[in-house]
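This report describes a few charged side chains and their surroundings. Please look over the sequence and the structure first.

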Amino acid sequence: MKKTAQAQAKGFTLVELLVVIAIIAILAAVVVLIINPLELTRRGRDAARLTDLANLQNAINVAAQEATSSGTDILCVGGLTAGACTGKSTDGNQRVTDGSGWVKVNLGAQQSVSVPTLPVDPTNSTALHYTYCSDGTGWEINAALESQQQDDKMVNDGGDELTRYEVGSTLSLISSTGTPLCTY
């Protein structure tokens, strides 16, 4: 009889195991809801987008200040087509900085600014990409931000698009409505 009593004392019952598994599952669900790894990933990609656009804005502003030629020559390398020059980060040859990439400014020839390659959107898809547009006197770059935490940045950036983050000197060049110069 002693052997039987000792054997029962060494193991767990099925009910005890189910209770422990249920507690672990509840804790795991709470942790996933609190941390929300998908939202953290979206925030990380948005941080990269905001940094890319800020760096491009600074580089283009310096290029325009250092330039000795006309605005069209600076902001639209290759000239205007139908009153504008435009590019998307999803276009071919997208990362070239000589004005033939998606940004139509020759950032490679600048002495104060070093931009070895143009950045592209972390996702770089048809829905999430960077768009550049210029009319020869002003310019705009925009991008969609994924995180709901960044919605106020898109609304309060000074541009006319509530669903895109916009930087540039003329924030009405790219739009999805009305009669914009460029569309995204």
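Where do aspartate 46 and arginine 49 lie, and how many residues apart are they? Both are in helix H3, three residues apart, which is about one turn of the helix. The model is a predicted one.

**Salt bridges**

The structure contains six salt bridges. Three of them are listed here with the distance between nitrogen and oxygen.

| Residue | Partner | N to O distance |
|---|---|---|
| Arginine 45 | Glutamate 146 | 2.6 Å |
| Aspartate 46 | Arginine 49 | 2.9 Å |
| Aspartate 121 | Arginine 49 | 2.5 Å |

Aspartate 121 and arginine 49 meet through their side chains. This pair links distant parts of the chain, 72 residues apart: aspartate 121 is in the loop between strand E1 (85-88) and strand E2 (131-134), while arginine 49 is in helix H3.

The side chains of arginine 45 and glutamate 146 also form a salt bridge. Arginine 45 belongs to helix H3 (residues 37-66) and glutamate 146 to the loop between strand E3 (139-143) and H5, so this pair ties together parts that are 101 residues apart in sequence.

Taken as a group, Arg45, Asp46, Arg49, Asp121 and Glu146 are linked in a network of salt bridges.

**Burial within the network**

Which members of this group are buried, and which are partly exposed? Buried means under 20% relative accessible area. Arginine 49 has a relative accessibility of 1% and therefore counts as buried. Aspartate 121 is buried as well, because its relative accessibility is 2%. Aspartate 46 is also buried. Arginine 45, at 26% relative accessibility, counts as partly exposed. Its salt-bridge partner glutamate 146 is partly exposed too, with a relative accessible area of 23%.

**Aspartate 157**

Another aspartate is found in the loop between helix H5 (151-155) and strand E4 (165-168), namely aspartate 157. Is aspartate 157 buried or exposed? Its relative accessibility is 16%, so aspartate 157 counts as buried.

The side chain of aspartate 157 reaches the backbone nitrogen of glycine 159 at 2.9 Å. Leaving aside residues up to four places away in sequence, aspartate 157 touches Arg164, Tyr165, Glu166 and Leu171. Leucine 181 is 24 residues from aspartate 157 in sequence, and the C-alpha atoms of the two are 19 Å apart in space.

How values were computed: Residues numbered from 1 in each chain as written. Predicted model: local features only at pLDDT ≥ 70, side-chain atom pairs only at ≥ 80, totals over all residues. Heavy atoms only, no water. Helix = DSSP H or I, 4+ residues; strand = E, 2+ residues; numbered from the N terminus. Buried < 20%, exposed > 50% of the residue type's maximum accessible area, 1.4 Å probe, protein only. Contact = heavy atoms within 4.5 Å. Polar contact = N/O pair within 3.5 Å; in protein donor to acceptor, adjacent residues only side chain to side chain. Salt bridge = Lys/Arg side-chain N within 4 Å of Asp/Glu carboxyl O.
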